[in-house]
Amino acid sequence: MTAPVSAEALGLAAHEHHHPSTATYLKVGITLIILTAVEVGIYYVPQMRPILVPCLLILAIAKFALVAAFYMHLKTDSRLFSGLFLFPLLIAVVIVIGLIALMAYHFAFAISGHI
Amino acid sequence: MSHASTYAMELETTTGLPSRKVAIWTFIGSECMFFASLISTYMVYKGKSLAGPYPHTPYTAAGGEVFKPILNIPLTSVSTFVLLMSSLGVVLALAAAQRGSRKGVITWLIVTIILGSMFVGGQVYEFNSFVHEGLTLKQNLFGASFFVLTGFHGAHVTIGLIWLTTILITAIRGKLPPDRAVNLDIAALYWHFVDVVWIVIFTLVYLIP
């Protein structure tokens, strides 16, 4: 039978104390608002059209990384959690890009009448 | 069962980490695959609809009536802001739980639940207006892939709201001491995941023409 052990003795409290401060959470929140405002802003600027897609993707990646690193605590928590999230995420990104490329190739041949 | 023995059971793993946190991260990893399949489907069929309404271009109905692009960017931008702020709310609730501030947990969880409900309400309004403008699940490829992708995301948000509400009730009853903050931590991780999925959907579906 397991003997009662306090959470502190098991190192859990110390583990959680590494989480960012409330001020950091607020700064990340403000940054997320600003990045979202920039995203929506550049969507309405006609001059941005040629570089709109890369700009939006960079901003989305930045927002994703901020939430994952600070709000989901991947920056300070065990690296095992980062691995459990980032490895499937990498596979997911490869699947999305692979399927888009494959189907673009398929549609290109369909339009040209080869299939 | 005491709190300490609960933690002791969680740590009976080779990782030395709370087993429920390992489980939620594994689940989130599998959810990445799930949403990757839905996002892939949307992206593959993007621009392939033979009939309107279209997301980013005007549409002339059979009767000659001209409709604007169907996506409502201002409304969705507000929804995105609301969901991002709900993530801030839940992380502040978690910080309060770890400090042992019951009042802080209850306040921030209520804020989070209100913001999450506003997001779901916005999505219901959006879906309703789309149906009235002629975009249904069966209308075209855009309708099918859009409703499935955003509908499953909305279902995840709704499940998250139910989960957070149960934790709010636990906190109100005084059963969420600092050594049980991991219960909120797990729900918060799920909520943040739903948030990051929306960050991707907002960019790929709404903003990229």
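**Helix α2 of chain B and its neighbours**

Start with a crossing: in chain B, α2(B) goes past α6(B) in a right-handed way. Right-handed means that the near helix is turned clockwise from the far one by less than a right angle, left-handed that it is turned anticlockwise.

Some ground rules. This is a predicted model; local features need pLDDT of at least 70, side-chain atom pairs count only at pLDDT 80 or more, and totals for chains, interfaces and linings use all residues. Residues are numbered from 1 along each chain as its sequence is written, with chains lettered from A and ligands numbered from 1 in the order in which they are written.

Now chain B as a whole. The chain has 6 helices and 2 strands. The C-alpha atoms fill a box of roughly 70 × 35 × 25 Å along the principal axes. Of its 209 residues, 42% are buried. Buried means 20 or more other C-beta atoms within 10 Å of the residue's own, exposed 12 or fewer, partly exposed in between, with C-beta atoms placed from the backbone.

Back to α2(B) and α6(B). Their axes come within 11 Å and cross at roughly 15 degrees. That makes the two helices roughly parallel. Axes are lines fitted to C-alpha atoms, for helices over the stretch in contact, and angles run from 0 to 180 degrees between N-to-C directions. Under 35 degrees is roughly parallel, over 145 roughly antiparallel, 65 to 115 roughly perpendicular, and the rest oblique. Who meets whom? On α2(B), the residues include Ile24(B), Ile28(B), Phe35(B) and Ile39(B); on α6(B), they include Ile186(B), Leu189(B), Phe193(B) and Val197(B). The contact has 15 nonpolar, no polar and 4 charged residues. Nonpolar covers Ala, Val, Leu, Ile, Met, Phe, Trp, Tyr, Cys and Pro; charged covers Asp, Glu, Lys and Arg; the others, Gly among them, are polar.

Next partner: α5(B), residues 141–172. Here the axes of α2(B) and α5(B) come within 9 Å and cross at roughly 155 degrees. The pair is therefore roughly antiparallel. This crossing is left-handed. From α2(B) come Leu38(B), Ile39(B), Thr41(B) and Tyr42(B); from α5(B), Ser145(B), Phe146(B), Val148(B), Leu149(B) and Phe152(B). By class, that is 7 nonpolar, 2 polar and no charged.

On to the interface. How many residues of chain B touch chain A? The count is 44, in contact with 41 of chain A. Contact means C-beta atoms, placed from the backbone, within 7 Å. On the chain B side, α1 (3–10), α2 (19–44), α3 (73–99) and α6 (181–207) each give two or more residues. The largest share, 13 residues, is from α2(B). The side divides into 28 nonpolar, 13 polar and 3 charged.

Across in chain A, look at α4(A), residues 79–112. This helix has 34 residues and reaches 49 Å from first C-alpha to last, close to the 50 Å expected. The expected span is 1.5 Å times one less than the number of residues. Its buried residues are Phe81(A), Leu84(A), Phe85(A), Ala92(A) and Val96(A). Part of their cover comes from α2 of chain B.

Last, two backbone points. Just after α4(A), Gly113(A) has a positive phi of about 85 degrees. His73(A) is not a glycine, yet its phi is positive, about 65 degrees. His73(A) sits in the loop between α3 (52–71) and α4 of chain A. With 24 C-beta neighbours inside 10 Å, His73(A) is buried.

Notes: Contact = placed C-beta atoms within 7 Å. Helix = DSSP H or I, 4+ residues; strand = E, 2+ residues; numbered from the N terminus.
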